[in-house]
Amino acid sequence: EAMTAAIARHGGRVDRFIGDAVVAVFFAPAQDAGASSAVAAALEMNAATSEINSRRLAAGTFPYRIGIGVATGDLMTGSLSGARRRDYIVIGEARRRAEGLENRSKSGRHTRI
């Protein structure tokens, strides 16, 4: 909830959940505007994670860490549907780069963005 709220507050749209990951897209007329919104959401997600971890530690449960990948570029979006299912999809090189950066962010030492 904290992550999806941060994404929505900065104009992003959740594409899907994959395991514990959230894939989101930020549409903008210019790439810089979308990137700024995505980075603002990422910073808010990091702050929310710190707050959640403080509560978890106070309750005696383990903290967790997140990693975030942000990339810009052209994407193809649309809906795929069948008789019993409808999915919104986002595909393209920028999405693949963002997913790769998210994977690499796990070895980060500071923001993990």
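Which element gives the most to the lining of the largest pocket? The model is a predicted one, in which local features need pLDDT of at least 70 and side-chain atom pairs count only at pLDDT 80 or more, while totals for chains, interfaces and linings use all residues. Residues are numbered from 1 along each chain as its sequence is written, and side-chain values use heavy atoms, with hydrogens and water left out.

The answer to the opening question is α2, which gives 7 residues to that lining; helices (H or I, at least four residues) and strands (E, at least two) are DSSP runs, numbered from the N terminus. A pocket here is an open set of points on a 1 Å grid over the protein atoms alone where a 1.4 Å probe fits, with protein on both sides within 12 Å along at least five of seven lines, and lining residues have an atom within 4 Å of a point. The largest pocket holds about 1,200 Å³ of space, a volume being the space filled by probe spheres set on the points, which are joined across faces, edges and corners. Its lining has 43 residues, of which V22, V23, A24, G69 and A98 are the closest to the centre. Two or more lining residues come from each of α1 (2-9), β1 (13-18), β2 (21-25), α2 (31-58) and α3 (93-105). By type, the lining divides into 28 nonpolar residues (Ala, Val, Leu, Ile, Met, Phe, Trp, Tyr, Cys and Pro), 8 charged (Asp, Glu, Lys and Arg) and 7 polar (the others, Gly among them).

Strand β3 (residues 76-81) lies largely in the open, because 0 of its 6 residues are buried. β3 pairs with strand β4 (residues 86-91) in the antiparallel sense over 6 bridges, where pairing requires that DSSP finds at least two bridges. The two strands form a hairpin with 4 residues between them, and S79 stands opposite Y88 in β4.

In the segment after α3 lies R112, which has a positive phi of about 60° although it is not a glycine. Most residues other than glycine have a negative phi. R112 counts as buried, at 11% relative accessibility.

How values were computed:
Buried means under 20% relative accessible area, exposed over 50%, partly exposed in between (1.4 Å probe, protein chains only).
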